[in-house]
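Trainee: Please take a close look at one helix and its surroundings with me. I would like one connected account.

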Amino acid sequence: MNLEAVRELFDTEMRREATADHPGVTLERVGDVVRRTSRTDDWNGVLWTGLTEATADAAIAEQVRHFRAHGLDFEWKHYAHDRPQDLGRRLLAAGFVADEPEALMVAETASLPTEPVLPEGVRLVRVTDRSGVDLMVRAHESAFGGDARKLGEEVLAQLTAAPDTVEVVVAMAGDEPVSAARAEFPPGTQFASLWGGGTAPEWRGRGVYRALVAHRTRLAVERGYRYLQVDALDTSRPILQRLGFARLSTTTPYNFVVSQRH
């Protein structure tokens, strides 16, 4: 892959020219900012910016005013190649809190395995309803810790409103969910996105994550997507590199909790 060209294509299709994926979402460009506004149980935030040192602070303040007026917590999805170079520092100064950086990784679907190889006793179950989402939440909490109920509500809302844009799968060992993952299929783009994939500690190193990647790759190929994109933590980045994913940039979520700001 020409990494620079693929990164520019990603910025164009998935950020600058992104479109709403289901009803109830407003995706708009205001000046040099593209933002997504939805319900409290959905993702709200800034997808793309084309800012300069002269315009950044005013744009940050405008997004805070916008989401505060709607009573919505939101995320500013910042990439290492975004400008100005000190945008992250400016976000922190405005009251945002940074989460752990992730590697933006991309691979061509044609170069990836599409047949999942699962450990003995593990099967994949497609998620389509509340009971399946509950299994996904349990798997996510086992893998990552914390409370994943808000994520569960976001996923259930998407499954209900726009089922063609998302596939969710849980890896089950008997009656126990040991891993869960989802793939999103934005219409009109060449990129499918992989999310989740965390595995319970006692099941790590046994191929579950790789199997979930292969399963979702097959879904992306069937839908005609050329690329797979992942925001990868350090735990999954080495596995993805071995599978053939390349690093395009680093992305850091900067979160603003409206209910705690005055």
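Mentor: Start with a term: helices (H or I, at least four residues) and strands (E, at least two) are DSSP runs, numbered from the N terminus. The model is predicted, so local features need pLDDT of at least 70 and side-chain atom pairs pLDDT 80 or more, while totals for chains, interfaces and linings use all residues. Residues are numbered from 1 along each chain as its sequence is written, and side-chain values use heavy atoms, without hydrogens and water.

H6 has 15 residues. From first C-alpha to last, H6 reaches 21 Å, close to the 21 Å expected at 1.5 Å a residue; that expected span is 1.5 Å times one less than the number of residues. Just after H6, Gly224 takes a positive phi of about 85°.

Now look at burial. Buried means under 20% relative accessible area, exposed over 50%, partly exposed in between (1.4 Å probe, protein chains only). Eleven of the 15 residues of H6 are buried, so H6 is largely enclosed by the rest of the structure. Among them are Tyr209, Val213, His215 and Arg216. The buried residues of H6 pack against strands E7 (122-127), E8 (166-173), E9 (176-184), E10 and E11, and against H7.

Leu194 touches Val213 and Arg216, among others; contact means heavy atoms within 4.5 Å.

How values were computed:
Lists of a residue's contacts leave out its neighbours within four places in sequence.
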